[in-house]
Amino acid sequence: MTGGQDDSFPIAVLGASGYAGQVLHALLMHHPRMRPVVVDGRESEASVVAICRDVAAAALALPDEISHTLSDAIAATGVKVVDLSSAQRTAPGVHYGLPELFGAPPADATVVSNPGCYPTATLLALVPLLRAGLVEPAVSVVGSSGTSGAGKALREDLHFSELYGNFFPYAVGRHKHIAEISHHARAEVSFVTQLLPIVRGLGVTAFVRTEHTPAELHACLRDAYADAPWVTVLDAPGDGLGVRHIIGTHQAVLAVGPRKDGGVVPVFGAIDNLMRGAASQALHNLNLWLGLPAGLGLPAPLPHAPAGPPGMARFG
Ligand SMILES: NC(=O)c1ccc[n+]([C@@H]2O[C@H](COP(=O)([O-])OP(=O)(O)OC[C@H]3O[C@@H](n4cnc5c(N)ncnc54)[C@H](OP(=O)(O)O)[C@@H]3O)[C@@H](O)[C@H]2O)c1
């Protein structure tokens with residue numbers, strides 16, 4: 001459905017007052033073929049469904065339970081739903097919206113589940129290696145994120161006095177992204193997370209066990225993303241994994257580290273959690289789903305590796 005004289009697609013945004021929804025709303029404001037329709041997710045279900053009947057798609061950036069209920073109700077009317085919450089990410093039959101790995105949403109899909117932030121970075125780094133059989137399907141991952149990943153609600157461990165000048169592990173062994181990553185990687189994934197005193201951005205380091213050289217893993221990732229402009233595979237980790245350079249972009253930056261002793265190689269991924277990990281990924285899915293060019297309204301791809309601190313030796 002298009003609407004209005006400007007022939008743009010009206011996109012309902014539920015949760016536009018939250019961190020992910022704010023960013024999606026801003027992207028839609030600048031989109032040449034879509035416009036946001038802000039819908040208060042705290043309205044009654046009947047009101048939400050009534051408003052959403054007139055849109056081309058609804059994006060839900062709400063807490064899991066509410067997202068799931070409203071997703072079912074809106075999708076039942078035939079309106080496309082992109083669910084940014086984690087409610088449906090491993091649900092059977094629901095398209096998992098990580099375009100570089102799982103393709104465009106099928107035209108007849110009713111719901112697209114937008115991947116989580118850590119899973120996006122981790123899966124982009126791991127899945128080509130796992131699919132090619134280059135690494136063992138049992139991987140240890142350390143993820144580090146800024147505070148916006150937890151949303152805007154107040155929490156003791158997120159407040160300035162606790163986190164400024166500090167960092168610490170959180171949700172160890174019980175992070176909700178463990179199941180999502182394992183499911184879509186089709187691998188056994190051990191995943192620990194730490195909270196950093198920054199607002200946006202996250203990095204993951206996956207320690208893969210392999211008989212192959214880092215150069216072979218690097219070549220595999222390069223090939224896998226040769227036609228993926230929003231995935232940069234660096235020549236070496238020191239060439240630009242810092243999150244400062246990718247905040248506000250849709251870019252995922254990957255790198256392969258050196259192997260020292262044994263068969264373990266670190267593989268890195270970094271993204272802006274609110275963009276590639278949430279809002280711009282939702283927009284990427286919407287573009288593909290509505291038959292528009294993939295990059296419409298998205299920040300242009302970074303043609304070169306983002307600038308980073310100099311220094312780490314390339315792998316041999
Ligand atoms: N933050 C990230 O990096 C990120 C990344 C990927 C996915 N996500 C997912 O995206 C969703 C939103 O995350 P967020 O970080 O944007 O959260 P947030 O900043 O806490 O915002 C939550 C939004 O949901 C609304 N909301 C809260 N409780 C509600 C209720 N009971 N009924 C209706 N609406 C309610 C809030 O409205 P009020 O302003 O009225 O409270 C706000 O608009 C979550 O499911 C999260 O897991 C977040």
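Predicted model: local features only at pLDDT ≥ 70, side-chain atom pairs only at ≥ 80, totals over all residues.
Begin by selecting the strands of the open sheet ordered β2-β1-β3-β4-β6-β5, in which the pairing is parallel. Its edges are β2 (34-39) and β5 (95-96); each has a single partner strand, so one side of each is left without a neighbour in the sheet.

Next, select residues 57-60 and residues 80-83, which are strands β3 and β4; they pair in the parallel sense over 4 bridges. Within this pair, alanine 58 stands opposite valine 81 in β4.

**The ligand**

In total, 28 residues surround the ligand, and the closest are Ser17, Gly18, Ala20, Ser85 and Gly151. Coloured by class, the shell shows 11 nonpolar, 14 polar and 3 charged residues.

**The sheet of 7 strands**

Move on to the open sheet with the order β8-β9-β7-β10-β13-β12-β11, whose pairing is mixed. Here β8 (168-170) and β11 (231-233) stand at the edges with a single partner strand each, so one side of each is left without a neighbour in the sheet. From one strand to the next, the twist averages 25°.

Select residues 138-145 (β7) and residues 188-195 (β9) to see a parallel pair joined over 8 bridges. In this pair, serine 140 stands opposite serine 190 in β9. Then display helix α8, residues 214-224, which packs on the sheet and touches β11, β12 (252-256) and β13 (264-271). Its direction makes about 155° with that of β12.

**A pair of helices**

Finally, select α5 (residues 117-131) and α7 (residues 177-185), whose axes come within 10 Å and cross at roughly 25°. Angles under 35 degrees count as roughly parallel, and α5 and α7 are therefore roughly parallel to each other. The crossing of α5 past α7 is right-handed.

To inspect the contact, show Tyr118, Pro119, Thr122, Leu123, Leu126, Val127 and Leu130 of α5 together with His177, Glu180, Ile181, His184 and Ala185 of α7. By class, this contact of α5 with α7 comprises 8 nonpolar, 3 polar and 1 charged residues.

Note on methods. Residues numbered from 1 in each chain as written. Pairing = 2+ DSSP bridges. Helix = DSSP H or I, 4+ residues; strand = E, 2+ residues; numbered from the N terminus. Axes fitted to C-alpha atoms, helices over the stretch in contact; angles between N-to-C directions. Contact = placed C-beta atoms within 7 Å. Parallel < 35°, antiparallel > 145°, perpendicular 65-115°, else oblique. Left-handed = near helix turned anticlockwise from the far one by under 90°. Nonpolar A, V, L, I, M, F, W, Y, C, P; charged D, E, K, R; others polar. Near = placed C-beta within 6 Å.
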